Amino acid sequence: MSIRTILAVETSCDETSAAILRGERELLGHVIATQDLHSEFGGVVPEIASRAQLAVIDRVVERTLGEAGVTLAEIDAFAVTAGPGLIGSLLVGLNWIKAAAYSLGRPFIGVHHMEAHVFAAALEYEEADPPFVATLVSGGHTLILFVEDWGRYRILGATRDDAAGEAFDKTARLLGLGYPGGPAVERMAREGDPGRHPFPVAMIRRGGRPGDDDYYDMSFSGLKTAVLLRVRELEASRQLGDEVAHLCASFQRAAVEQIAEKTARAVRAYGSKRVVLGGGVARNAALADGVRSRLGPEVSVFVPQPRLATDNAAMVARAARFRLDRGERGDLDLNARADLPWPGLL
Ligand code: KG4
Ligand code: ZN
């Protein structure tokens with residue numbers, strides 16, 4: 001039987017999401033429930049996250065089916081994020097999907113969370129097709145890949161310390177802007193002068209070459225410390241209140257500069273004409289602008305719409321479509337893995 005309709009679930013962190021995809025791009029239903037339980041802790045608390053996943057998964061899937069106007073029995077195949085992620089959260093989605101697939105006698109597949117981010121832009125843009133450079137920036141990951149083809153990935157660089165989104169979150173926390181910090185920092189940055197506090201752009205050694213082991217890698221902990229030191233100075237001189245927007249703008253500029261420069265290096269080295277952004281930080285308009293202006297008009301930059309950039313089940317369904325169409329199937333022994341390795345690494 002050919003697979004037309006896929007139901008996917010994503011529960012790797014603090015979002016509970018379900019999506020129903022027909023063909024390659026037709027999203028019949030898509031629901032994302034975000035937990036509002038973690039802000040007082042300034043980050044995701046794993047035990048709270050998995051309990052909350054369990055509490056809402058049934059309703060999220062039901063609402064998705066309702067939106068799509070289909071019943072569970074009409075689903076041809078199931079898909080779920082199998083890792084990487086928080087193990088307790090992953091297991092909620094995995095067990096739900098395995099039970100559905102088993103009871104209905106339908107195939108299912110486990111998907112790699114980061115591979116799903118690579119597929120997100122392809123849900124909207126037919127041209128977001130390999131070969132391309134993918135820059136994935138989220139709260140948990142910061143990666144630059146060359147996507148030679150679907151399923152053939154070369155990891156070029158990663159962060160050596162904090163993830164890009166973590167740097168936004170920590171900066172926001174330092175400035176009392178709440179969690180998640182990325183959207184708050186971006187909002188404040190619009191009112192600020194990015195040149196006011198010239199923070200260093202990390203990992204940009206002059207004369208570096210593609211063979212160097214730091215050529216594509218990134219680092220955000222030095223930037224975080226530079227912001228912290230500046231905040232202390234401003235606090236001591238009672239000037240912090242006036243500087244918050246400028247600090248946000250200056251931090252954002254340094255973070256964007258680094259991501260854009262590393263992306264541009266990959267584009268040059270691989271002669272790529274396309275770039276795909278993904279992950280929560282790809283919601284940041286200054287990042288998309290920074291990457292576009294660095295690359296110029298010859299390179300097309302595909303940025304998923306905000307709800308497809310952050311964690312969502314639609315991208316999982318799209319990645320599953322590729323793997324299921326190749327004949328891959330999960331079996332009931334499949335386990336969730338916090339550190340699931342990438343499939344198809346070159
Ligand atoms: O992909 P995602 O939803 O979850 C994972 O981490 O996998 O990414 C969440 C991250 C958070 O760190 C959040 O602060 C960041 O994405 N983020 C942003 C923006 N919106 C979300 N960072 C910068 N600017 C934004 N507008
Ligand atoms: Zn993610």
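Visitor: How many bridges join strand β6 to strand β7?
Guide: In this predicted model, β6 (residues 132-137) and β7 (residues 142-149) run antiparallel. Strands (E, at least two residues) and helices (H or I, at least four) are DSSP runs numbered from the N terminus, and two strands pair if DSSP finds at least two bridges between them. Threonine 135 has isoleucine 144 of β7 as its bridge partner. The bridges joining β6 to β7 number six.

Visitor: Which pLDDT do local features need?
Guide: Residues are numbered from 1 along each chain as written, chains are lettered from A and ligands numbered from 1 in written order, and side-chain values use heavy atoms, without hydrogens and water. Side-chain atom pairs count only at pLDDT 80 or more, totals for chains, interfaces and linings use all residues, and local features need pLDDT of at least 70.

Visitor: Which are the edge strands of the open sheet?
Guide: Five strands form this sheet with mixed pairing, in the order β8-β7-β6-β9-β10. The edge strands each pair on one side only: β8 (152-158) and β10 (300-302).

Visitor: At what angle do the axes of α5 and α7 cross?
Guide: The axes of α5 (residues 181-189) and α7 (residues 240-270) come within 7 Å. The helices are therefore roughly perpendicular (65 to 115 degrees). Axes are fitted to C-alpha atoms over the stretch in contact (heavy atoms within 4.5 Å), with angles from 0 to 180 degrees between N-to-C directions. The crossing angle is roughly 110°.

Notes: Angles under 35 degrees count as roughly parallel, over 145 as roughly antiparallel, 65 to 115 as roughly perpendicular and the rest as oblique.
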